[in-house]
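Please work through each task with the sequence and the model at hand before reading the solution.

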Amino acid sequence: MEMTIIQAVLCGVVYWLAVGNLPFVGLWSLQRPLVCGMITGLILGHPVQGAVIGATINLVYLGFMSAGGSMPADMGLAGVLGTAYAIVGGLDTDTALALAVPIGILGTLVWAGRMTFDCFFVHMADKYIEKEQYNKIWIANVLLPQIMCFCMTAIPCALAAYFGSNYIQGILAVLSGKVLTVFQIIGGLMPALGIAITLQYIFKGESRVFLFAGFLLAVYSKLPLLTLGVIALLVAIVYVQATSAAKPATAGADYDDEDDEEDD
């Protein structure tokens, strides 16, 4: 299939909304490749295929962490362009994943550029405060940063989606053979990396027993994935409630012991 200009522009808008830090969208929702992939697939007329490709890309970023303002990879860009290239070029999920990961790394340049140029708006807000023009702070805090973000995200993404999708078949023809097979093998191995990083966080302290219990339940119960997810959610809620109720009692006991020592 061929991507139209309108579809490319919509893909760019999706990427802007995913990384623009707007309310109710961003890191915990739209930025995830699963969500980006599904919406991109919907734009291209293949929502189910988009969700499948996005979910495959999402496996790499299961252990994703952004600490101290750093951005190791751009999940949103990987989800949008990776899904778009896969659908337009007719790629399998492993090949799409192998292409999406370098795209996500390239997207870190967008993040670095935004964080650099946003410093000018901070000084602009300081001037508004000095002049007691508090009603204009939103211009430096919201309006101008979002306009800049749109120019740095939506426009390049739309151009990359439109022109890249048109040339994807030619690129695949050049990479056909052993090179494309290597891409597919690498793409098949990448989800293991995301799962391994996630297991490092899970396999600690008291959570270890839940890892083994969940594994045994999934293997031997033969329950659907949705049912297992609901059970896991209920167990997590009960565990949090039980541990939260035990902490105040323990803290109170420690406080009473300290009072008794002071009295002695």
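**Exercise 1. Determine how the axes of helix 3 and helix 5 (residues 93-106) are placed relative to each other.**

Solution. Begin with the distance and the angle: the two axes come within 9 Å and cross at roughly 55 degrees. Here axes are lines fitted to C-alpha atoms, for helices over the stretch in contact, and angles run from 0 to 180 degrees between N-to-C directions. Next, classify the angle: under 35 degrees counts as roughly parallel, over 145 as roughly antiparallel, 65 to 115 as roughly perpendicular and the rest as oblique. Helix 3 is therefore oblique to helix 5. Finally, assign the hand: helix 3 passes helix 5 in a right-handed crossing. A crossing is called left-handed if the near helix is turned anticlockwise from the far one by less than a right angle, and right-handed if clockwise.

The model is predicted: local features need pLDDT of at least 70, side-chain atom pairs count only at pLDDT 80 or more, and totals for chains, interfaces and linings use all residues. Residues are numbered from 1 along each chain as its sequence is written, and side-chain values use heavy atoms, with hydrogens and water left out.

**Exercise 2. Describe the secondary structure of the protein and its proportion of buried residues.**

Solution. Count the elements: there are 10 helices and 0 strands. Helices (H or I, at least four residues) and strands (E, at least two) are DSSP runs, numbered from the N terminus. Their order from the N terminus on is α-α-α-α-α-α-α-α-α-α. Then turn to burial: 34% of the 264 residues are buried. The classes are buried (under 20% relative accessible area), exposed (over 50%) and partly exposed (in between), with a 1.4 Å probe and protein chains only.

**Exercise 3. Characterise the packing of helix 2 against helix 1 and against helix 3.**

Solution. Take helix 1 (residues 5-19) and helix 2 to start: they pack at an angle of about 160 degrees, with their axes 10 Å apart. That angle makes helix 1 roughly antiparallel to helix 2. The crossing of this pair is right-handed.

Now consider helix 2 (residues 33-43) and helix 3 (residues 47-60), whose axes come within 7 Å and cross at roughly 155 degrees. Helix 2 and helix 3 are therefore roughly antiparallel to each other. Helix 2 passes helix 3 in a right-handed crossing.

**Exercise 4. Identify the setting of Glu132 and Lys222, each with a positive phi.**

Solution. Glu132 is not a glycine, yet has a positive phi of about 60 degrees. Glu132 lies in the loop between helix 6 (108-130) and helix 7 (137-175), and at 60% relative accessibility Glu132 counts as exposed.

Lys222 likewise has a positive phi of about 60 degrees although it is not a glycine. The loop between helix 9 and helix 10 holds Lys222, which is exposed, with a relative accessible area of 69%.

**Exercise 5. Which residues make the nonpolar surface patch, and which helices supply them?**

Solution. The members are Val209, Phe210, Val235, Tyr239 and Val240, and the patch covers about 410 Å². Patches are made of residues with over 30% relative accessible area and no salt bridge: like charges are joined within 9 Å, nonpolar side chains (Val, Leu, Ile, Met, Phe, Trp, Tyr) within 5 Å. A salt bridge is a side-chain nitrogen of Lys or Arg within 4 Å of a carboxyl oxygen of Asp or Glu. Accessible areas come from the Shrake-Rupley method with a 1.4 Å probe; for residues, only the protein chains shown count as cover.

Assign the members to elements: helix 9 (207-221) and helix 10 (225-263) each supply at least two residues. The largest share, 3 residues, comes from helix 10. Val209 lies in helix 9 and is exposed, with a relative accessible area of 53%.
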